[in-house]
Structures are given as structure tokens and as C-alpha cells.
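This briefing is meant for a reader meeting the structure for the first time. Please look over the sequence and the model before turning to the notes below.

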Amino acid sequence: MPVLPLDSYGVSAEQRAVLDQAVDELAGTCMKAKGYTWPARLKRLGVARSANERRYGVTDPEAVRVYGYHLAPPVGVTAEQLAEEARQEKKRKALMTGALTRAYTGSDGTTTGTSLTGGCRGEALKQLGLPQGEALNAVDRAQQQGWKRTEVDSRAKAVNDRWSACMKKAGHTYADPHAAAGDPAWWTEGEGGSAARKKTRAREIATAVADVKCKQQVDYVTVWQSVETTYQNKIIKVNKQELEDVRQMWRNALRKAAQVLR
């Protein structure tokens with residue numbers, strides 16, 4: 001799994017889960033004081049996958065044989081469990097009336113463009129010292145800058161070309177892995193009934209399998225990770241204090257969350 005310098009300025013999936021628990025606890029107390037009960041978040045299934053797992057497109061040869069370009073479920077979770085989770089989440093959302101949602105978020109959800117920054121949830125975030133829906137923070141901006149610089153780097157472009165040539169030999173024409181993953185054919189129901197969908201699904205899986213093989217052949221992930229690491233380190237050097245402030249914010253929030261959950 002790719003590890004990048006800016007990763008250390010954020011939080012892991014496990015740490016995020018702790019923060020979510022603390023937000024739920026604080027917001028739940030606030031809601032009870034208002035005479036409401038917010039539907040509890042469903043228990044997380046399995047082990048969350050790394051946020052970097054698909055940073056450079058699909059890379060897991062086992063996963064693509066089953067899911068193609070579609071996201072694989074968390075580690076240890078079956079398709080049946082996912083389906084049941086979706087049913088339970090639908091029931092949970094059905095309980096969220098306008099008044100209940102307004103108390104929790106500060107908005108009843110009917111206005112487009114609203115964010116979860118008000119209400120009891122907003123108060124919980126404030127208590128933990130977490131940012132609330134403002135513009136991209138320093139880490140987000142730094143990651144975007146590093147990515148944009150990597151995209152136009154000659155080394156990254158060259159390995160894209162090698163990957164594309166490899167894919168063409170396998171019968172798939174795409175300029176880069178993102179074009180392959182984003183092919184509209186994989187993300188539309190299509191026409192012609194289940195037989196046509198089954199055929200499209202088989203083609204998706206075959207393409208994704210070839211994608212991973214070609215990445216391995218041209219050392220795609222190693223090149224991109226190396227280039228992006230170089231740019232991220234340069235960005236960190238220029239924005240050190242701002243990034244350290246963000247890291248300290250997460251540390252403080254995790255400390256407060258641990259106190260809340262004790």
C-alpha cells in the first residue's frame with residue numbers, strides 16, 4: 001500500500017472511527033437535551049481499507065478478479081453483509097424527520113449545498129476542536145498540489161505511456177489508469193437486459209485484471225509514488241508550520257475524544 005509523506009498529517013481510518021464515536025456521544029447528549037434521539041450509526045463492518053489503496057488506480061490482483069473497478073468491501077465483509085447493511089441504513093435514514101435532522105445538523109436537509117456544521121453535530125465538532133466545513137485545509141491543499149505536479153512530471157507521463165502501450169497489447173485502449181477506471185461502460189446499467197450487463201461486467205473485470213498486470217510490468221506504482229513523494233516533501237518544507245498546526249489539531253481532537261469515550 002503506498003505511504004506518502006503527507007499521510008502523517010492526517011488520521012487513519014481507525015482514528016477517524018474514534019472521532020466519529022466521540023461526535024456521536026457528544027451530539028447524542030445534546031439531542032437528548034432537546035428531547036430528540038438521533039438514530040445510532042450502524043456498527044462498522046470489517047476492517048476499513050487504506051485511503052491510499054486506489055491512489056494510483058486498482059492494484060490488488062485478487063480484488064479485481066471479483067469486483068473489477070468497483071470498490072471491494074471492507075476486509076472480512078461479505079456481499080450479503082453489505083446488502084443487509086444497506087437495508088438497515090435505509091431504515092435508519094427513514095427515521096430522520098425534518099425536525100430531527102434540523103436539531104442534529106442545523107438544517108432540515110431540504111436546501112441544496114448545506115453542510116453538517118450546525119446543530120448538535122456542529123457543537124460536538126466544536127467541543128473536539130475539529131474543523132467544520134471550511135475551505136480545504138492545509139493538508140488537502142498540499143495533497144492536491146503534489147498530485148497536480150506529479151501528473152505533469154515527465155517521469156509520471158512516461159510510465160503512463162508505458163502502461164497504455166501494455167494495455168493496448170492486451171486489447172484495451174486507454175490513455176491512463178484513471179481513464180480505464182472511469183470508463184462509463186462500467187458505471188451504467190446499460191441496455192439489453194441481464195445478458196448484456198453480464199457481458200459488460202466480464203469485460204470490466206478482464207480490463208481491470210489487465211490494468212493491474214500492466215502496472216506491475218511497468219512498475220507504475222513505484223514510479224508514481226516516488227515522484228509524488230518528492231513533490232510532497234518539497235511542499236511540506238515550504239508549509240511546515242501550517243501542516244504542523246493541522247497535525248496538532250488532530251492530536252488534540254483524538255485526546256479529547258478519548259476522554260469523552262472513557
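**Overall fold**

Read from one end of the sequence to the other, the chain of this predicted model follows the pattern α-α-α-α-α-α-α-α-α-α-α. That amounts to 11 helices and zero strands, and the C-alpha atoms fill a box of roughly 65 × 55 × 35 Å when taken along the principal axes.

**Packing and surface**

- The chain has 262 residues, of which 34% are buried, and its accessible surface comes to about 15,300 Å², with 54% of that surface belonging to carbon and sulfur atoms.
- Of the contacts between residues at least 6 apart in sequence, 76% join residues that are at least 24 apart.

**Nonpolar cores**

- The largest nonpolar core holds 29 residues, and those touching the most other members are Leu-19, Met-31, Leu-128, Leu-130 and Leu-243.
- At least two residues of this core come from each of α1 (13-33), α4 (98-105), α5 (119-128), α6 (138-151), α10 (220-238) and α11 (240-261), and α11 gives the most, with seven residues.
- Leaving aside residues up to four places away in sequence, Leu-130 touches Leu-19, Leu-125, Trp-250 and Ala-253.
- A second, separate core is made of 26 residues, including Val-58, Val-159, Cys-166 and Trp-224.

**Salt bridges**

- The structure holds 12 salt bridges; in general, side chains of opposite charge can pair when their charged atoms come close.
- Glu-84 pairs with Arg-87, with 2.8 Å between the closest N and O atoms, and both residues lie in helix α3 (residues 79-94), three residues apart, which is about one turn of the helix.
- Glu-84 is partly exposed, with a relative accessible area of 33%, and Arg-87 also counts as partly exposed, at 47% relative accessibility.
- The side chains of Asp-153 and Arg-155 meet in a salt bridge at 2.9 Å, N to O; Asp-153 is buried, with a relative accessible area of 7%, whereas Arg-155 is partly exposed, with a relative accessible area of 42%.
- Lys-215 forms a salt bridge with Asp-211, where the closest N and O atoms are 2.5 Å apart; the two residues lie four residues apart in helix α9 (residues 193-218), about one turn of the helix, and both are buried.

Conventions. Residues are numbered from 1 along each chain as its sequence is written. This is a predicted model: local features need pLDDT of at least 70, side-chain atom pairs count only at pLDDT 80 or more; totals for chains, interfaces and linings use all residues. Side-chain values use heavy atoms; hydrogens and water are left out. Buried means under 20% relative accessible area, exposed over 50%, partly exposed in between (1.4 Å probe, protein chains only). Contact means heavy atoms within 4.5 Å. Accessible areas come from the Shrake-Rupley method with a 1.4 Å probe; for residues, only the protein chains shown count as cover. A nonpolar core is a set of buried Ala, Val, Leu, Ile, Met, Phe, Trp, Tyr and Cys residues joined through side-chain atoms within 4.5 Å. A salt bridge is a side-chain nitrogen of Lys or Arg within 4 Å of a carboxyl oxygen of Asp or Glu.
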